[in-house]
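The tour goes from one selection to the next.

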Amino acid sequence: MDVSILFAVFVIGLVIGVPVAACLGLSSLAYILVRGMPLVILPQKMYAGIDVFVLLCIPGFILAGNLMAGGGITERIIRFASALVGWIRGGLGLTNIAGSMLFAGISGTAVADAASIGGVMIPGMKKAGYPGGFSAAVTAASSTVGPIIPPSVPMIIVGSLTGVSVGRMFLAGAIPGLLLGLGMMITCYIIARRNNYPRQEWAGFRELGLSFLSSFWALAMTALIIGGLLSGVATPTETSIIASLYAFVVGAFIYRGVRLRDVPKIVIDSAVSSAAILALVGFANIFGWILASERIPEMIAQAVLTATDNPILVILLINVLLLFVGMFMETIAALIILFGPLSAVAIGVGIDPVHFATFAVLNLMIGLTTPPVGVCLFVCANIARLPLAVVVRAIGPFLVGNILVLLLVSYIPALSLWLPNLAYGN
């Protein structure tokens, strides 16, 4: 009965449009009141959820991304991507995807990618003769690469939940992220060929070289982050701070896009974004603690394992569930609530925890582009000034391609395990 109140308040909150973090907090509060527990449990469990050292990566990487974005890096990355692939049929669409893949090593979040790349590319694609729906759809779809290619905020959350090295989680997402981008490029090219979308003239090797040099310092941030983790010189948290200092130096003194008077606003915006994520983590930890105390994870694991212990079927069931959940719930909240019980199911049939975490995060990233709560869909539809339904129709082929990549990553463990095992050992 008490658990039903928990879920009832949570679902009602979602239906009436209450933010997910507030839904988690209100439903947990309702449960505690009904059970007659002391209210001090709320702040205690919330603080316990965010009192994890590795979570300090989040404000560090968000600040680094905002400093680089404020330094005019988006335009430089798009210029390089355009010189690289813009001459192919559907070149601006391919440039959009390639730009997101390059930007992924800076932002670490899908919404930042969608807003930054989309603000430049969607109007440019429409002006060049691409349909608005396609322009918004390719931007929304490609933004999901951001949290897969390192650095990645969801991977940091997973590391804090499981105790698995964040560096290992970052590397686990590298190959799946590249596959996701390549899959979307193939989809984009097929659509462009079928609809005879325009392409640009080949800019020449000189422009390719100049655009690469122009964006070099930005692209080097990814190498800095991965190099720091692989070398063992710095922890993930230390790497995020180094990345922030690097982003400030590059943005202020090399690209000269960040003025010193802009820095306080960038810091405050980063703090607000980080606080929103950590508040969500804290409320979700309370919710997760209640589920654990009611033995919900064990019951879910037992129910699934009773039905089947075949790893192929278990992976399929987990993916179907996460795809469904991703349509309605924010990624980080879904990870914190569902990761524990689903991880128990996966480990119970012999699935490697890092492999499971990788396809779980990839799955929920796809949810950012599925209605009715696909945040990236709303961002891109707003930039394109189109009804959401138009963008939803256009994104269908990209969703199919992304799900095919998800299945590859789910059923071929080496795609996510090879790099971390190479760097850290088995």
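Predicted model: local features only at pLDDT ≥ 70, side-chain atom pairs only at ≥ 80, totals over all residues.

**Stop 1: helix α3**

Select residues 41-50, which form helix α3. Which residues of α3 are buried? They are Ile41, Leu42 and Gly49.

**Stop 2: Glu207 and Arg79**

How many salt bridges does the structure hold? There are 3. Begin with Glu207 and Arg79, whose closest N and O atoms are 2.8 Å apart. Glu207 belongs to helix α12 (residues 205-231) and Arg79 to helix α5 (residues 73-85), so this pair ties together parts that are 128 residues apart in sequence. Glu207 is partly exposed at 23% relative accessibility, and Arg79 is partly exposed at 33%.

**Stop 3: Arg259 and Asp262**

Select Arg259 and Asp262 next; their side chains meet in a salt bridge of 3.0 Å, N to O. Arg259 has 43% relative accessibility and counts as partly exposed. Asp262, at 21%, also counts as partly exposed.

**Stop 4: Lys265 and Asp269**

Finish in helix α14, where Lys265 and Asp269 are 4 residues apart, about one helical turn. Lys265 forms a salt bridge with Asp269, with 2.9 Å between the closest N and O atoms. Is Lys265 buried or exposed? Lys265 counts as exposed, at 54% relative accessibility, while Asp269 is partly exposed at 34%.

Notes:
Residues numbered from 1 in each chain as written. Heavy atoms only, no water. Buried < 20%, exposed > 50% of the residue type's maximum accessible area, 1.4 Å probe, protein only. Helix = DSSP H or I, 4+ residues; strand = E, 2+ residues; numbered from the N terminus. Salt bridge = Lys/Arg side-chain N within 4 Å of Asp/Glu carboxyl O.
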